Amino acid sequence: MVEGFDGRTNGHDAGYGSQVSRPTSGRTEGVPWVSLGRYMREKTLVKKLMPTCFDLFCGCGGLTLGMQRAGFHVLAAIDYDTNAIATLRANLVDQQGAGLAPVSHALQRDITRFQPAELATLIGVSNVDAIVGGPPCQGFSTARQVDGANHGARLKPDPRRNLYRNFLRYVDFFQPQVFVIENVLGIRTAAGGEYFTRVQKEARELGRASGRPGYRVHGQTEDAWELGVPQKRRRQLIIGVRNDIPGYFLPDLKPAQRTQTHVCLGAAIGDLPVLRAGSGQDERDYDLALRKRHIQKWGDAARKYLFEVLEINRTTKVTNHVARPHSDRDLRDFARLREGENSARAMRLRGIAFEFPYDKSSFKDRYTRQSRRYPCSTIVAHLSKDGLMFIHPTQNRSLTPREAARVQSFPDWFRFPTARTHAFRLIGNAVPPLIAEAVGSAIQDFLRGTRTPGVSLGTRRRERVQTISASLLGAGICTRNKFTLNSRVDAARILDNIARLDRRALLALPTEEFLRGWHALLFLLPELHPNNARDHGEGVETVVATQLMSPDFEELFTTRYARSGWPVALEHIGREAWRRYELDELSDEDLYCVEAQYAGLTAQGRPKSGHHRALTR
Ligand SMILES: C[S@@+](CC[C@H](N)C(=O)[O-])C[C@H]1O[C@@H](n2cnc3c(N)ncnc32)[C@H](O)[C@@H]1O
């Protein structure tokens, strides 16, 4: 039995029809129970209408929850950590009244040993719309980036570095339409960028050797503050779309509807009962008078965050709001800090002398008092060790697990283990559910676009297809959905013409002409993503240009960047496209020209019937 949760044991799967029991807050503590509502939801709505996904390396389920809220049916969530799976089960297999489709299988498994085929047999499913997850990359954070001692060819073997391959093994087996890997921003530079390149390159080539389409992969960063999370947190997403499916994800995620951007820390936690260090109960009533004053003070930002993000009306008790004890010396040091100040600043600007015994030069910013008016510092798993960088803005103590969970945008009904160390680790490791919901909604938009032919191709877009077709036709390339052997050669000729221009001539090229070349590029290389046109990394590789009809243009395509898949000879065209886009000379639809890509995929016999275009916004 895991501390903090009654009525559930570890190591067993909570699948359809398995008997599960409510968490301790429920009426029928420890009694086997299956809700009729859950049964109906699963039998009727869930299986037929909702897109499906798996969450690999799911932790306690921050990413899972966001996917559920975005309308996904999570068929399986897998992690080997006992506390993580117990927490996920307690909250997301049996959400009490949260109105979400429950996770079908919360599995405690080591993903390096558990085979995709075993999962398929266990859950009776061999395909899924999306696979999401955050394979850890600690193995790379230990790789030295500069002195070469554990870098490049001398990189020492570390199995943790290859966990992403286990994620890709599942992608290869289940061939989802979309996959998303979430990771720390540091993977861009870890081991000199090698890891970031490898993940993208291997994902792009998945299954190609056996004639499968492979994936169109690109990286994009997400900013929690812009997505309504009261926290400074930037993370890296690696997104793959199966190559037989047309469409591009645009680089900016939209915040989930339940939130607004730029919520500050004060609005998110200021209604919670006041505590002294070492005090608090694991479950207690809210302070309703304080909540009222809080909402009067912070207005709509607080109301929206409390009711829609934290869903405070779905629970009557506040849980995990227990402050860790601190030594008298630490408490005296905390009291020396002003709101929003760290110890380095207090020493430098106000000459404050701290008592802490750490080396004052290397640990100078060790103590930080957060500010109500700004986003909180990044919540990290290290919070489980000490809370010195997370001192409450106005109270003399560090943040409680509930406060950290709120900063991560977990709803108040989501309970964490009572053991503070476990709770902080799970919270710090999690993808904030609001970010996950934004990611899930972007995947949903994308899938809807690909599933509903014609729906997203409004009149304006239809006219545009005709214009582009006419322009390409004028150049002898293609008509919509109708291609000749020569058309690819003609497209290559157009591309070759602009590829040979020097920088000045390229800059001077009229927009229409540049666009024709750019669209010829997307037509010939529909497996590239425009987002990758500026992030190539260093390594190059030689590929066989199978789709070319004429050896004349091979040099344009055969030498490619390993990270982006972008041909080296066309790099400057990608940069020029972005330059024009940022000057508003090119629109979204010009840069992400799905019509040209769609035409290119059709020419390769790729898109399945029913797949149309999707430009998510
Ligand atoms: C960064 S956390 C994921 C957090 C999660 N995405 C969330 O939103 O809550 C990484 C997780 O990978 C899990 N993990 C690491 N190696 C694993 C393995 N071999 N098999 C299964 N899970 C593993 C860890 O237990 C940890 O929970």
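## Overall make-up

The protein has 22 helices and 13 strands in its secondary structure. Helices (H or I, at least four residues) and strands (E, at least two) are DSSP runs, numbered from the N terminus. This is a predicted model, in which local features need pLDDT of at least 70 and side-chain atom pairs count only at pLDDT 80 or more, while totals for chains, interfaces and linings use all residues. Residues are numbered from 1 along each chain as its sequence is written.

Of the 617 residues, 48% count as buried. A residue is buried if 20 or more other C-beta atoms lie within 10 Å of its own, exposed if 12 or fewer, and partly exposed in between, with C-beta atoms placed from the backbone. Among contacts between residues at least 6 apart in sequence, 71% join residues at least 24 apart. Two residues are in contact if their C-beta atoms, placed from the backbone, lie within 7 Å.

## Around the ligand

There are 20 residues around the ligand, and Phe57, Gly59, Gly62, Asp81 and Ala430 come nearest. Here a residue is near a molecule if its C-beta atom, placed from the backbone, lies within 6 Å of it.

By class, this shell holds 11 nonpolar, 6 polar and 3 charged residues. Ala, Val, Leu, Ile, Met, Phe, Trp, Tyr, Cys and Pro count as nonpolar, Asp, Glu, Lys and Arg as charged, and the others, Gly among them, as polar.

## Helix H18 and its partners

Helix H18 (residues 511-524) and helix H20 (residues 571-582) have axes that come within 11 Å and cross at roughly 125°. Axes are lines fitted to C-alpha atoms, for helices over the stretch in contact, and angles run from 0 to 180 degrees between N-to-C directions. H18 and H20 are therefore oblique to each other; angles under 35 degrees count as roughly parallel, over 145 as roughly antiparallel, 65 to 115 as roughly perpendicular and the rest as oblique. The crossing of H18 and H20 is left-handed, meaning that the near helix is turned anticlockwise from the far one by less than a right angle, whereas clockwise would be right-handed. Phe514, Gly517, Trp518 and Leu521 of H18 meet Ile573, Ala577 and Arg580 of H20. The residues of this contact comprise 5 nonpolar, 1 polar and 1 charged.

H18 also meets helix H22 (residues 594-603), with axes that come within 7 Å and cross at roughly 40°. This pair is therefore oblique as well, and the crossing of H18 and H22 is right-handed. From H18, the contact uses His519, Leu522, Phe523 and Leu524; from H22, it uses Ala596, Gln597, Ala599 and Gly600. The contact of H18 with H22 has 5 nonpolar, 3 polar and no charged residues.

Val128 sits in the loop between helix H4 (116-123) and strand E4 (130-133). With 26 other C-beta atoms within 10 Å, Val128 is buried. Leaving out residues up to four places away in sequence, Val128 touches Thr52, Cys53, Phe54, Leu75, Phe174 and Pro176. Val128 and Pro176 are 48 residues apart along the chain, and their C-alpha atoms are separated by 5.3 Å.

Gln175 lies in the loop between helix H6 (163-174) and strand E5 (178-184). Phi of Gln175 is near 45°, a positive value in a residue other than glycine. Gln175 counts as partly exposed because it has 19 C-beta neighbours inside 10 Å. Ala191, in the loop between E5 and helix H7 (194-205), has a positive phi of about 50° although it is not a glycine. Ala191 has 23 C-beta neighbours inside 10 Å and so counts as buried.
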